[in-house]
Amino acid sequence: MAQYFFLFVLVFASQLMAGFNAPLPLPSPSYGNHTTILSIDGGGIRGIIPATVLEYLDKALKAKDPTTSLAHYFDVISGTSTGGLMTAMLAAPNSSNANSPLFTPSEVVQFYKNYGPKIFEPRAWYDLDKCPKFNGEFLHDITRQILKETRLNKTLTNVVIPTFDERKTKPVIFSNYKLKTETYLNAKLSDICIGTSAAPTYLPPHQFQNDGVQFDLVDGAMSANNPALVAVSEVIQHNEHKEILLLSLGTGTIKAEEKLSGIFDGLCQLEWLVSSTNVFSEALYSTNMIHYYLATVFPGVLPADNYLRIEEYNLDPSMEEMDNADKKNMDNLVKVGKNLLLQKALRMNVNTFVPVELDQTNAEALDRLSEKLYAERQLRLKRKSMEKGGSRIIESVKVPSGRMHAT
């Protein structure tokens, strides 16, 4: 009996210690000074670029607290298309540890390298159905395999993922904030990701039902390829007013003079434009998203120092294609992400729409951001602990000198 009791004590103690080491969820912004947002653009395989940048930020934050992940610092993670898939991977809970995310940024990069060639595998020569370019079967299978039955309301932090319903010709924004009133949006993350990734001419639309509502979704880029403003609008509409801290990551863009050539190249593009004129027109000219954007204008604007946009504005045209998943191109995309860290941070001049250099590199800007994120998290944990009398939450708070104290 003594040995069984000893074994029980060991198991209990290990579980108890695991509980102490597990990171606490990020308390509500009401306990802090900022609302923190991470936004990731669409761009297919070029998602490797922002994933590589996030790998740097993740390491900077883990240097301060190894138990935490990005979902423990951002109130919202938002993404469109490939950014939407990345959002789910960074915010969905891990089945082996519900307090940890499914993927780290470095694992996201490896995911793209491992599965990109399969996702963007050309149709067989004997497949008579040449449009869309890819049948989407592998993407559907791998997305369902990694995300399983996880629904929107189970994410470690709030997520905001834009999509577009081609049958209703309206944007659909999947957001944790909306679930109290729009329960039908509590869909499986796999369905949301497949929908936001369904780029016209590349991947087929995604149809599914949830809570009695039919969805016919195509690429979230039809609503907002850069979802930063969508996320900011969600925060302002549904949160008490707090200063916003925003990190927005792009997937690379080539020089403007390179963009106009070949815009209607390819039979698939022409066929889709002809058969889906109403969808194309609605996505371009609809007032639905304009009303959405206006919700962010009247309450206030972001302080410039709280907004960091990291984008490669001079991407080599050879890397522009969102479906080029050969090894050389993916390795080059990793290099783009790493080189971005060494480049000067840029801020867009909204009068000339020409980016202007700042006095710090992107890596230095991310280091400063990591300090702000860490300080914000510690402040919230401390205030929440004080509110509860400091007895029900035990959290080690690190101070700059490296000393520890309990709050």
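**Figure 1. The kink in helix 4.** In this predicted model, helix 4 bends by about 35° at Lys 113, shortly before the proline Pro 117. The buried residues of this helix are Pro 105, Val 108, Val 109, Phe 111, Tyr 112, Gly 116 and Ile 119. These buried residues pack against helix 2, helix 3 (82–91), helix 5 and helix 12 (327–342).

Figure 2. Phe 103, Phe 111, Tyr 112, Tyr 115 and Phe 138 together form one aromatic cluster. Of these residues, Phe 111 and Tyr 112 are listed among the buried positions of helix 4. A search of the whole structure finds 8 aromatic pairs. One of them joins Tyr 115 and Phe 138 in a tilted arrangement, with 5.8 Å from centre to centre and 35° between the planes. This pair links distant parts of the chain, since Tyr 115 belongs to helix 4 (residues 105–119) and Phe 138 to helix 5 (residues 137–147), 23 residues apart. Tyr 115 is partly exposed, at a relative accessible area of 30%. Phe 138 is likewise partly exposed, at 25%.

**Figure 3. The stacked pair of Tyr 184 and Phe 215.** The ring centres of Tyr 184 and Phe 215 lie 6.2 Å apart; the pair counts as stacked because its planes meet at 25°, under the limit of 30 degrees. Here too, distant parts of the chain are linked: Tyr 184 lies in the loop between strand 6 (170–175) and helix 6 (189–196), whereas Phe 215 lies in strand 8 (residues 213–218), 31 residues apart. Tyr 184 is partly exposed, with 28% relative accessibility, while Phe 215 is buried, with a relative accessible area of 2%. Lys 168 lies over the face of Phe 215, at 5.8 Å from the ring centre.

**Figure 4. A charged group over the ring of Tyr 73.** The charged end of Arg 377 is placed over the ring of Tyr 73. Its distance from the ring centre is 5.8 Å.

Figure 5. Apart from neighbours within four places in sequence, Leu 247 is in contact with Ile 37, Leu 38, Ser 39, Leu 54, Leu 57, Phe 74, Leu 308, Ile 310, Leu 366 and Leu 369.

**Figure 6. The surroundings of Thr 52.** Thr 52 is located in helix 2 and is buried, with a relative accessible area of 4%. Beyond neighbours within four places in sequence, Thr 52 is in contact with Val 109, Val 334, Gly 337 and Lys 338. Val 109 is one of the buried residues of helix 4.

**Figure 7. Confidence along the chain.** The mean pLDDT of the chain is 82, and 77% of its residues reach 70 or more. Confidence is highest in helix 2, at 98, and lowest in strand 14 (residues 404–406), at a mean of 34. Residues 284–301 have a pLDDT below 50, and this stretch has 26 contacts in the model beyond near neighbours in sequence. Residues 391–407 also have a pLDDT below 50, with 29 contacts beyond near neighbours in sequence.

Notes:
Residues are numbered from 1 along each chain as its sequence is written. This is a predicted model: local features need pLDDT of at least 70, side-chain atom pairs count only at pLDDT 80 or more; totals for chains, interfaces and linings use all residues. Side-chain values use heavy atoms; hydrogens and water are left out. Rings of Phe, Tyr and Trp (its six-membered ring) pair if their centres lie within 6.5 Å; planes under 30 degrees apart count as stacked, over 60 as edge-to-face and the rest as tilted. Helices (H or I, at least four residues) and strands (E, at least two) are DSSP runs, numbered from the N terminus. Buried means under 20% relative accessible area, exposed over 50%, partly exposed in between (1.4 Å probe, protein chains only). A charge sits over a ring if NZ of Lys or CZ of Arg is within 6 Å of the ring centre and within 35 degrees of the ring normal. Contact means heavy atoms within 4.5 Å. pLDDT is the predictor's confidence in each residue, from 0 to 100. The bend at a residue is the angle between axes fitted to the seven residues ending there and the seven starting there.
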